[in-house]
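Let's take a walk through this model together. Have the sequence and the 3D view open side by side, and follow along.

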Amino acid sequence: MVDTVKRKALVLFSGGQDSATCLAWALERYTYVETIGFNYGQRHVVELECRKAVLDRLKTEFPNWTARIGEDHMLDLALLGQISDTALTQEQEITFKTSGLPSTFVPARNLLFFTFASAIAYRRGLSALVGGMCETDFSGYPDCRDNTLKALQVAISLGLDTTMVLETPLMWLNKAQTWQLAENLGGPPLVDLIRIETHTCYMGDRTYWNLWGYGCGQCPACELRRNGYETYVRREAA
Ligand code: ZN
């Protein structure tokens, strides 16, 4: 059995609900955790601004985790803008539509994120990468699938000539179960922190408050978050 206690992790932390839950999961499991965020000119820069608030509150309000939270890294991946929406040809737009992928999808984005994260983890002596990828809600994203990431784990470990474990604790959870996981990890205070401080809305809206968090309430991301939260609350009440 692998001794996880001595291992140190790097969490891909965007400031959204999923990655915040993964961060709490890692803090419960690893004695030392660093975080990494990627700025690639995405519409919801607001999500990145939520990162600091989440990290600050985790440090101050969860004493068991305070000493485990290490450095936060931010990588500028502006070059991704060159291969996202604006650079799409009409032909590619049609391919996106027939495959059911949204036009906001950056092909292979998560492969790049994990690869960049592995380079940082290697240099800092961290042996696990944690990400909030999930097959249950985002099966349309082939770079989020379990087999994709298991293959990537092998490629990265071979390429670095060291064991780099890719952890995806949300892989088989739906959104309601992700809220439940947050409750299991940090009780109602963690659920509240994630509700208030994390961001999911595609429109970048932080003005409309809903019980499940800030957001426009109309976009697919808000819809997913709302449905998940409402199912979670119903189960709590049952
Ligand atoms: Zn929204």
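Start at Asp146, which you'll find in helix H6 (residues 146-160); helices here are DSSP runs of H or I with at least four residues, strands are E runs of at least two, and both are numbered from the N terminus. Asp146 counts as buried because its relative accessibility is 12%, where buried means under 20% relative accessible area, exposed means over 50% and partly exposed is in between (1.4 Å probe, protein chains only). Setting aside neighbours within four places in sequence, Asp146 touches Glu135, Thr168, Met171 and Trp172, with contact meaning heavy atoms within 4.5 Å.

A quick word on ground rules. This is a predicted model, in which local features need pLDDT of at least 70 and side-chain atom pairs count only at pLDDT 80 or more, while totals for chains, interfaces and linings use all residues. Residues are numbered from 1 along each chain as its sequence is written, and side-chain values use heavy atoms, with hydrogens and water left out.

Next stop is Ile120, in helix H5 (residues 109-124). Ile120 is also counted as buried, because its relative accessibility is 16%. Apart from neighbours within four places in sequence, Ile120 is in contact with Leu10, Ile36, His73 and Leu75. Take Leu10: 110 residues separate it from Ile120 in sequence, yet their C-alpha atoms are 8.6 Å apart in space.

Now for a pair of helices. H1 (residues 17-29) packs against H7 at an angle of about 70°, with the axes 10 Å apart; axes are lines fitted to C-alpha atoms, for helices over the stretch in contact, and angles run from 0 to 180 degrees between N-to-C directions. The two helices, H1 and H7, are therefore roughly perpendicular, a label for angles of 65 to 115 degrees. On the H1 side, the residues that meet H7 include Ala20, Ala24 and Trp25, and among their H7 counterparts are Trp179, Leu185 and Ile194.

Finally, which residues hold the zinc ion? Cys201, Cys216, Cys219 and Cys222 coordinate it through their SG atoms, at 2.3 Å; donors are N, O and S atoms within 2.8 Å of the metal (3.2 Å for Na, K and Ca), and sites may look incomplete since water is not among the atoms. Along the chain, the donor residues follow the spacing C-x14-C-x2-C-x2-C. Cys201 and Cys222 are both buried.

How values were computed. Parallel < 35°, antiparallel > 145°, perpendicular 65-115°, else oblique.
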